Amino acid sequence: MGTLPLSGVRIADFTGVWAGSYLTMLLGDLGAEVIKIENPYVLQPSTRGQAHPPEAILEVRSAMGAGYPNLKLGSRPWNYCPTFVQLFRNKKSFTVDYRRPEGLDILARLVAKSDVFVENSAAGTMERLGIDYDWLRDKREDIVALRMPAYGSSGPYRDARAFGYHMEAVIGHTLLRSDPDLDPSETSLSLAGDFLAGTNAALAIMVALWHRDRTGRGQLIEMSQAENATGMIAPALMQYALNRTEPPISGNRSIYGHAPQGVYPCRPVGPTEEAGDRWIAISVITDREWLALREAMGDPEWALVPELDTPQGRVSQHDFLDKQLGAWTARFDDYALFHRLQAAGVPSAPVLEASRVFDDPHIQAREMYEAKDIQDDVGTFRYMAPFYNFPETPVRFFQAPVAFGEHNEYVYKELLGMSDDEFERLRADGHIREEFDESVP
Amino acid sequence: MPGPLDSVTVLDLTQYVAGPYATKLLADYGADVIKVERPGGDPARALPPFQDDDPDPEKSGTFFFLNSNKRSFVLDLKAEGAPEILGRLLRIADVVVESFRPGTLDRLGVGWDFIHAREPSLSLVSITNFGQTGPYRDYRGTDLTLFGFGGELFSQGVSERAPVKLYGSAALVQSGGAAATAVMAALMIGAKQGIGQQVDISITDTHLGGADRRHATVMGAEYAGLKSPRFPRGAQQLAMGIHPCADGYVEMGSADRLDRLADMLGHPDWIRDPKWQDPRARGDPDAIEEFNAHLLEWLMQRGKREVWAEARRAKVMCGPLFTVREIFEDPHFRESGFWQKISHAVMGEVEMPGHPFTMHDSPVEWRCPAPLLGEHSAEILGELGYDHAETDELVARGVVGVQ
């Protein structure tokens with residue numbers, strides 16, 4: 001057995017929100033020692049939820065926002081906010097009030113012992129703290145530093161505040177993925193860009209470490225998250241670039257002229273508002289798959305017309321196909337239909353509501369979730385595991401989602417070499433804490 | 001020096017979208033990506049949009065984007081003699097990537113055992129729909145079906161309708177990004193430790209384990225038994241979501257900072273009402289309707305660019321919904337150098353979205369557009385040690401295709 005590719009690499013992790021937290025989680029999976037830099041007096045927006053959320057938040061009943069363990073806020077809600085907690089595996093956490101000079105000095109000592117510094121703050125935040133690339137390089141000459149402002153480090157949009165869904169609006173994705181006959185204001189949000197920002201920034205850091213190994217030099221990497229997200233809509237941008245025409249809003253249909261493709265109803269098990277609605281996604285690419293689908297349906301008369309033998313013909317009859325297919329699929333349970341269609345060779349899958357992932361035999365076989373206890377006594381729950389499968393250098397889920405300040409002792413004493421007295425003094429001064437200050441919302 | 005990966009050779013047996021996107025990222029960082037195409041080419045060459053809507057395999061904008069900076073080598077893996085050529089390719093490769101269905105390479109006699117016996121320190125990264133193991137390993141999948149199964153499709157859209165996907169192949173591109181980190185990891189392990197292994201990347205797993213909402217909806221279900229249905233049409237949140245303005249739409253998102261929103265709106269009297277500070281206002285439909293009506297009045301007097309400029313000044317979360325044309329022409333992205341002009345032998349000068357990273361010590365250099373089918377076959381055979389006569393023979397027998 002060998003070691004993980006990033007073992008020996010230490011990441012000083014100043015990131016927040018999803019893109020940044022995801023990116024450092026991937027690096028932690030791949031063996032880096034990721035140390036989350038947290039501040040008891042500063043709530044990083046959208047990183048651990050609110051420090052002191054009102055009880056009323058539980059009444060929202062949103063899984064993502066209000067699904068705290070057993071619907072209780074508990075004593076340290078920032079350690080298990082459902083919106084964020086899954087992105088904290090395989091990391092360490094320590095606290096310091098880096099706004100104070102002695103705190104900034106502690107951060108400097110951590111940077112000196114780190115290979116990578118990564119942040120995704122809004123433009124200007126780091127500069128106000130006095131932490132720029134020159135400062136980082138002064139502490140560690142070969143540091144790899146990555147910053148990922150929404151729209152890059154220069155130009156008119158540099159200072160724009162944005163979450164992933166704002167960037168997706170700006171690059172054109174939001175208008176493209178509407179339901180074609182609904183008003184654009186009815187388009188639900190997507191944070192697809194956070195996913196791609198995380199993976200691609202993780203890659204950039206690995207590439208920079210590769211470069212450092214060869215040259216001995218670190219560097220500053222700047223990424224525009226909006227530009228990065230355009231990879232997801234490249235065909236639309238290429239259409240405009242090549243032909244100066246705008247693609248139509250495609251809903252669930254193929255932009256490549258494959259048909260039929262859609263999300264079709266299956267037999268419901270409960271009301272829609274309780275997520276009891278059931279759907280199957282069907283996506284026919286080839287003529288052979290169309291014949292397979294036709295046969296699976298029992299070759300109904302409506303499907304035998306010669307016009308439907310070609311992709312062009314099926315595209316031209318897509319509304320009709322959707323209606324007929326939907327009438328047929330509605331008679332089946334989603335999983336039964338899924339296995340039947342796959343056995344016939346038709347690309348398809350049930351559209352799984354999140355709570356159903358635990359029951360799927362394939363997902364179970366792939367061991368995508370692992371039961372863990374976190375530092376707080378909220379109970380044992382299943383958390384998502386790394387998606388990497390390297391048989392000779394196994395990627396493990398070794399650290400449960402990290403609690404705020406869980407590794408204070410390790411970072412201050414072992415890593416930075418502070419004495420027990422210094423540790424206690426810094427604790428008394430409020431740098432070392434396991435909870436947010438009462439002043440933090 | 002074309003980029004930080006200029007000493008790396010990637011043997012790329014992937015096709016369509018996810019795999020090629022992963023290797024494109026490496027190619028754009030300077031790696032020499034040898035794209036092995038079957039006779040007739042990567043099926044992505046048949047994907048629109050086409051220049052002038054002409055379905056020529058050299059005019060696909062989708063293929064063009066996904067295969068920049070690569071070299072094309074047409075090899076019929078089914079032909080007699082193909083394993084010998086592949087064996088020589090393995091010798092110069094630092095990592096191999098493939099996206100065939102599980103077992104396909106084994107059936108062709110060039111699977112993991114073949115690779116590992118020849119080059120023990122070389123890794124193979126396999127990118128598939130459902131992975132190399134598990135009951136669905138042989139199941140078919142597309143962007144829509146895999147995102148429906150592994151990603152957050154269920155809660156996208158409105159409750160009165162079916163769930164609605166992301167645009168185009170967005171979900172496959174995301175998985176390609178995830179796979180690229182695995183390829184880089186395999187490369188680093190091979191280079192430093194001399195370990196070769198078959199890495200199993202499942203597109204489904206990358207979505208289950210990805211950062212786009214699924215992690216959070218699953219957690220809410222596990223922690224508290226809450227589900228994630230779609231919202232009904234017209235459901236609104238206070239100062240959040242997509243709102244119309246004078247010439248289009250803007251995405252807001254500022255409920256946490258009403259002080260900044262007040263600044264953006266010029267501190268109107270109505271926003272001073274203390275009732276908006278009550279957290280319950282955010283969940284109260286009457287309050288939401290009243291608040292958003294005030295907001296709408298202000299928005300309808302302004303165009304989306306003007307709204308966004310005011311939002312930027314006041315540090316309010318906001319973004320206009322641009323069309324593809326608007327983003328293409330937008331001065332910010334023009335000035336940032338994002339659009340890359342490339343000369344292509346068939347299409348002429350083409351613009352495409354460029355590299356979104358600036359690496360200050362290892363800048364990347366644009367080398368070439370997506371390759372023509374078989375453009376580099378003869379050149380690569382030469383690098384593998386085949387002479388002209390041997391090359392001619394391989395071409396005559398249909399083992400290798402040249403442009």
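Predicted model: local features only at pLDDT ≥ 70, side-chain atom pairs only at ≥ 80, totals over all residues.
Biologist: What separation do the centres of the domains of chain A have?
Modeller: The domain assignment gives chain A a domain 1 (10–223 + 365–428) and a domain 2 (261–361). Taken over C-alpha atoms, the centres of domain 1 and domain 2 of chain A are separated by 39 Å.

Biologist: Why do the buried residues of helix 14 of chain A line one face of the helix?
Modeller: Helix 14 covers residues 334–344 of chain A, and its buried residues are A:Asp334, A:Leu337, A:Phe338 and A:Leu341. An α-helix has 3.6 residues a turn, so residues three or four places apart point the same way. Seen down the axis of helix 14 of chain A, the buried residues line one face because they fall within an arc of 105°.

Biologist: And which residue just after helix 14 of chain A takes a positive phi?
Modeller: Around that helix, the cover over the buried residues includes strand 7 (261–266), strand 8 (278–283), helix 11 (287–296), helix 13 (318–329) and strand 9 (348–350) of chain A. Just after helix 14 of chain A, a positive phi of about 90° is taken by A:Gly345.

Biologist: Beyond four places in sequence, which residues is B:Val125 in contact with?
Modeller: Setting aside neighbours within four places in sequence, its contacts are B:Val95, B:Val97, B:Ala179, B:Ala182, B:Val183, B:Ala186, B:Val199 and B:Ile201.

Biologist: How do the residues on the side of chain B that touches chain A divide into nonpolar, polar and charged?
Modeller: Here 127 residues of chain B are in contact with 143 residues of chain A. Helix 7 of chain B gives the most to that side of chain B, with 13 residues. The residues on the chain B side divide into 68 nonpolar, 38 polar and 21 charged.

Biologist: Which residue in strand 12 of chain B does A:Met223 stand opposite?
Modeller: Strand 6 (residues 219–223) of chain A pairs with strand 12 (residues 357–359) of chain B, in the antiparallel sense and over three bridges. In strand 12 of chain B, opposite A:Met223, stands B:Phe357.

Biologist: Which strands stand at the edges of the open sheet of chain B?
Modeller: This open sheet has seven strands in the order 6-5-4-1-2-3-13, with mixed pairing. Each edge strand has a single partner strand, so one side of each is left without a neighbour in the sheet; the edges are strand 6 (198–202) and strand 13 (400–401) of chain B.

Biologist: What is the bridge partner of B:Val10 in strand 2 of chain B?
Modeller: Strand 1 (residues 9–13) of chain B is mostly covered, with four of its five residues buried. Strand 1 runs parallel to strand 2 (residues 32–37) of chain B, and four bridges join them. In strand 2 of chain B, B:Val10 has as its bridge partner B:Val33.

Note on methods. Residues numbered from 1 in each chain as written. Chains lettered and ligands numbered in written order. Buried ≥ 20, exposed ≤ 12 C-beta atoms within 10 Å, placed from the backbone. Helix = DSSP H or I, 4+ residues; strand = E, 2+ residues; numbered from the N terminus. Arc of directions from axis to C-beta. Contact = placed C-beta atoms within 7 Å. Nonpolar A, V, L, I, M, F, W, Y, C, P; charged D, E, K, R; others polar. Pairing = 2+ DSSP bridges. Domains from an automatic or database assignment.
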